[in-house]
Amino acid sequence: MSIVVLHEPAADSAALRPAGPGGGAGGTTVHAAPADVPLTRTFCGEEAEGMSQVDLESTPSASWYPSPSTARICPDCDRTVTQGHWSRP
């Protein structure tokens, strides 16, 4: 599964959980969306409009999201990516 990683603006962040064991102190929430369909919604159902795409190639992280110190991660998107349970719209 190919994904697109997106930053949600801090003011719009809803359900948050810290990313990784150190806790996420960042001001944005990271979401994921499928890369092989039109980018309209994230895996958790949030509107993708207004979110900025994350350049993971310049981010030193082994997981699908950037460093836990720079962002929080959406628990629904994380579950979908890590467990691989998603369906096409």
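Biologist: In which loop is Ser-63 found?

Modeller: This is a predicted model, in which local features need pLDDT of at least 70 and side-chain atom pairs count only at pLDDT 80 or more, while totals for chains, interfaces and linings use all residues. Residues are numbered from 1 along each chain as its sequence is written, and side-chain values use heavy atoms, with hydrogens and water left out. With strands taken as DSSP runs of E of at least two residues, numbered from the N terminus, Ser-63 falls in the loop between β3 (52-53) and β4 (72-73).

Biologist: Is His-31 buried or exposed?

Modeller: His-31 belongs to strand β2, residues 29-34. Buried means under 20% relative accessible area, exposed over 50% and partly exposed in between, with a 1.4 Å probe and protein chains only. Because its relative accessibility is 3%, His-31 is buried.

Biologist: Which residue has a side chain joined to that of His-31 by a polar contact of 2.4 Å?

Modeller: A polar contact is a pair of N or O atoms within 3.5 Å; within protein, one must be able to donate a hydrogen and the other to accept it, and residues adjacent in sequence count only if both atoms are side-chain atoms. The side chain that forms this contact with His-31 is that of Glu-8.

Biologist: How far apart are the C-alpha atoms of Ser-63 and Thr-82?

Modeller: Ser-63 itself is partly exposed, at a relative accessible area of 33%. Along the chain, Ser-63 and Thr-82 are 19 residues apart, and their C-alpha atoms are separated by 9.3 Å.

Notes:
Helix = DSSP H or I, 4+ residues; strand = E, 2+ residues; numbered from the N terminus.
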